[in-house]
Amino acid sequence: MKMVHVLVVSFPGQGHVNPLLRLAKLLASEGLLVTFSTTESIGHMMKKATNIPGTCSATPIGQGQLRFEFFSDGWPADDNSKRQDIDGLLHRLETVGKESFTCLVKKQAEEGRPVSCLVNNAFVPWALDVATDFGIPCAVLWVQSCAVFSTYYYYFHRLARFPSVDEPHLSVHLPGLPILNSHEVPSFLHPSTIYHMLGNLILGQFQNLSKSFYVLVDSFEELEHEVIEAMSHLSLPPLRTIGPLFRSLKGSSSNSSNGVRGDFWTAAEGCIQWLDSQPLSSVVYISFGSIAFLPKDQMEEMAWGLLKTGLPFLWVVKPPAKEIATDTGLPAGFMDKAQGKGMVVEWCPQEQVLAHPSVACFVTHCGWNSSMECLTSGVPVVAFPQWGDQVTNAKFLVDKYGVGSLMGRSDRDSQLISRETVERCILEVARGPKTEEAKKNALKWKKAAEKAVANGGSSHRNIQAFVDEVRRLA
Ligand code: UDP
Ligand code: UDP
């Protein structure tokens, strides 16, 4: 049988690497040779933090194999200093990165494993051009929701008028979606904000979308069937949900290589043991993902509000980036007062934490990975979105999926959420009037997700159809 080699390339961000690496593992488990690729800087971080194998070896997963290979973006591979210069990063990726990635693709053929198919994500649109130049079929893994995909599609094709940040009273109603008001639309679509550059990058993908033969989405049909149905009338390559990817490998193999993780930072030891020592459904888990951070004054309200709940907590507080070192971190005196009540860590194994029976609720920024991970782990949420698609995800989690409360939105120009609000929202979801309903709904989505990825489920069927197509094109 002809060797089928899929090259999966990810933008160097944790929220991108996680779903793309999960997809890479899933494709390998379906019997393909898969190479996962991102920048050397990130490869270096992943090697330090996790168990990924060296670039010379291939790890067997199911009937297939997974390998890693990284490309340079011109940044020293061992420089892990925090860089907020997204502009610079994008520029380096598009110049040095594209050239180095082109060599990587060429090398695969020279070494006897020509690339049969490339899978990229929205933030590396130029990878599609490289694939097209080599005549390699290309698919996209969309790492946000179908609902958010749909908002970008309508915006890009100017099929609807979107309210700007200055029009808080206006809303937009797109097919298959609830009415979204101005602050529920992904903030990348507000031209006047600092996020516009990222918006342009995502929208650039729509320009190229017809060059892809497939759009895979880390979501599942049961969760988003209205919008998927509405989008089936749009002019798009086949758009198929194959998620939740973090669940898809569970139980599908006893092979421990399925445990290969792509964390950029080392998870703190002892989180799970500490959770083991806490009462059932008691712990508040707080994390804002890999990029977002709370400004100093909001951090303070969060810290004291959390303490006022009296509940045990596990809080991920990432070490602040150099440039913002004085603006983040915990308020003075907090750790003393919190002694014995909770645990503060710089990074944790989030999927394991969310699966732990001691966890009562998740205070989250609503990044799509975190949204899917809590929704399909059956954990109620306290939503505190910051920017981008997080605001739209929060709307869905709270209003449509019914799994929790909105604590507030922390867009740069919005108001401070007081410690009283923090306390009230957490208690309401963890052990108050909303607990039962939120838990019931969260468990319903957990079951639906398990069904979607099980043999014969919607996501399982979709991934198999995709693999068949990749084999056919090879
Ligand atoms: N995550 C983790 N440990 C932590 C915090 C986050 O493993 O302490 C993972 C989380 O499970 C998720 C990813 O990091 O898969 C963050 O992605 P998300 O889309 O939620 O947010 P982003 O970082 O892109 O804003
Ligand atoms: N990064 C990279 N190449 C660069 C700049 C950044 O691979 O030229 C990586 C960097 O290591 C970081 C990620 O891209 O982990 C996101 O960059 P950001 O500046 O947001 O850093 P963060 O503070 O999130 O680590």
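Reader: Which residue stands opposite tyrosine 285 in E14?

Author: Phenylalanine 362 does. Before going on, note that this is a predicted model, where local features need pLDDT of at least 70, side-chain atom pairs count only at pLDDT 80 or more, and totals for chains, interfaces and linings use all residues. Residues are numbered from 1 along each chain as its sequence is written, while chains are lettered from A and ligands numbered from 1 in the order in which they are written.

Reader: How many bridges join strand E11 to strand E14?

Author: The general idea is that strands of a sheet pair through backbone hydrogen bonds, either parallel or antiparallel. Two strands count as paired if DSSP finds at least two bridges between them. Strands (E, at least two residues) and helices (H or I, at least four) are DSSP runs, numbered from the N terminus. Here, 5 bridges join E11 (283–287) to E14 (359–364), and the two run parallel.

Reader: What is the strand order in the open sheet?

Author: Read across its 6 strands, it goes E13-E12-E11-E14-E15-E16, with parallel pairing. E13 (342–345) and E16 (404–406) are at the edges with a single partner strand each, so one side of each has no neighbour in the sheet. From one strand to the next, the twist averages 15 degrees; angles run from 0 to 180 degrees between N-to-C directions of axes, which are lines fitted to C-alpha atoms.

Reader: Which residues are closest to ligand 1?

Author: For a shell, take residues whose C-beta atom, placed from the backbone, lies within 6 Å of the molecule. That gives 19 residues around ligand 1, the closest being Gly15, Gly289, Gln350, Gly367 and Ser370. Helices H1 (14–29), H12 (350–354) and H13 (368–375) each supply at least two shell residues, and H13 has the largest share, with 4.

Reader: Why is helix H14 largely enclosed by the rest of the structure?

Author: Start with burial: a residue is buried if 20 or more other C-beta atoms lie within 10 Å of its own, exposed if 12 or fewer, and partly exposed in between. In H14 (390–400), 9 of the 11 residues are buried, so the helix is largely enclosed. Among them are Val391, Phe396 and Leu397. The cover over its buried residues includes helix H5 (146–156), strand E8 (180–181), H13, strand E15 (381–383) and E16, where contact means C-beta atoms within 7 Å. Just after H14, glycine 402 takes a positive phi of about 65 degrees.

Key:
Two residues are in contact if their C-beta atoms, placed from the backbone, lie within 7 Å.
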